[in-house]
Amino acid sequence: MIFKSVRRWAENHPFIFAPGFVGAATLLFLPGRELLGKGHWALLYLLVISVVASVAGSRPSFLAALSAFLAWDVFFLPPYNTFRVDDPKDWISLGVFLVVGVLIGLTSGRLREREALAVAQEREMALLNRLTGRLLAIQKPLDMAETLCAEIEAVFSPRFIRFHLTDSAKNRALLFGMRNDLDEDPLEEDFLRETAERSVGIASPAFEPSRPAPGEESGIIRHSGLFPSVSRNDVFLPVLSSSRLEGILHIGERRSERNYSWNEIQLLSAAAHMAGTFLERNRLDESARQAETLKEGDKLKSAIFSSVSHELKTPLSSLTATISNILESDRTGDPEHVKKELGSVKKDLDRLSHSIGSLLDLSRLAAEAWKPDLQWVEPGEVLGWVLFRLERNDRERVKAELPENLPLILVDFQQWGRMLMHILENALSYSPADSPVTVGAERSASGLDIRISDNGPGIPDDEKRMIFTKFFRGIHSGLLPGGTGLGLPIALEIARVHEGTIRVEDNRPSGTVFIISLPSGHVREETEDDLS
């Protein structure tokens, strides 16, 4: 731990560390000055230069070589404590020592810098790879900002990170990051505004001779380029997409107080660009979803309008014709004739009421407004409620095969009955007028299954997946000219809000079986408390 702290301090203050380390080594060597020869101390100082180069780099090693040259001359070549030497040959040794020391420092420093560059590149690639993988699985801008800032925090350890979103007018809103009111930065707003206006980063990277001076052509300008007397180590980066400025990434100075390097700022710029691409993709996806929603809404409106026009206009026209016939007929005094005409009126009114009810159910389905009032009821009781509302001829065709001691089911009584009504009416309408429709129930491993079977023409395999689509009318729809195509979608939605399912199978030798499954959480055996 102490070694890491010293190394970190040396990396942050290399030109203090180089002569300081040589001085500390000299103090350590002095007590044994008489134990070794002059050349041995030169070798030890070369070792010191190598250590400085490996820790601080090549440039501080030049300073270490010069410091070691002077220390060897002053303290280990007679006469001591002076720059003079007694033996002229020692000048040759000093010159060779300085050259060798510089070469060793240069070689060791370059090796160290190449290793540091390789480590930095590996770290940069790892950061970008992690970001790429994680951003692909994220959907929300806030999650993206949290992920991006967490990765930057792990690699660079800044004092803070703030992510600002901008709109098309470059108005800003803080998406991620806290503001400390006790540490107010009077220039932060100015730098944020300049970053937004210029769409360039603002930073003061550590000096690197191989890199160009920051300028707007490189996408980075220095803090002092805006305010000459300001010295800062934080970074402001525009979050750009292909179309506009999406936000601003403000990264505080490091806790180690070491300047960001040019390569590190470029890495942060790449991460900011990935965030901009994500935000643009998210915005385009949202626009596409809204467009698709509007398209589906228009299709639904057209279908509803068509259905309403047909299903309401047809019985209304029939009602108008029947009533007009009654009023204009010479047989208005004939009770049998009036009774027959009123029977037709009732049929049209029932059809009209059914269509309006289905459309109201559809509106609640589209608005996800099903809110079942759950209660424990007997399956047979719900079926009886449904049969009572069927016409007599249809009621006589329904064959109930419910076993005794069926468990109670947890359902909304009226909604569950409405679901059974839709499926029963569908089965009765599509099967021959003299054929029965069977309703059965049985316990299953997952709960309770209710089966409604008919002997109609059946449903083709390619239509089985589509019959629960709103307004879909199958190949046999001519058998039910007054249908709306809403009954089965409404039945499926009612089953869904009860955590149940509806599936379709073929009946043998002909017809269809609808199987309604309730999960075990909605099924329980009847107890004495229930009976009482």
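## Basis and overall make-up

The model is predicted, so local features need pLDDT of at least 70 and side-chain atom pairs count only at pLDDT 80 or more, while totals for chains, interfaces and linings use all residues. Residues are numbered from 1 along each chain as its sequence is written, and side-chain values use heavy atoms, with hydrogens and water left out.

The protein chain holds 16 helices and 14 strands, taken as DSSP runs (helices H or I, at least four residues; strands E, at least two) numbered from the N terminus. Of its 532 residues, 41% are buried, where buried means under 20% relative accessible area, exposed over 50%, and partly exposed in between, with a 1.4 Å probe and protein chains only.

## Salt bridges

The structure contains 18 salt bridges, each a side-chain nitrogen of Lys or Arg within 4 Å of a carboxyl oxygen of Asp or Glu. In one of them R232 meets D185, with the closest N and O atoms 2.6 Å apart; because R232 lies in the loop between α8 (223–226) and β5 (235–240) and D185 in the loop between β2 (172–176) and α7 (188–198), the pair ties together parts 47 residues apart in sequence. R232 counts as buried at 14% relative accessibility, whereas D185 is partly exposed at 22%.
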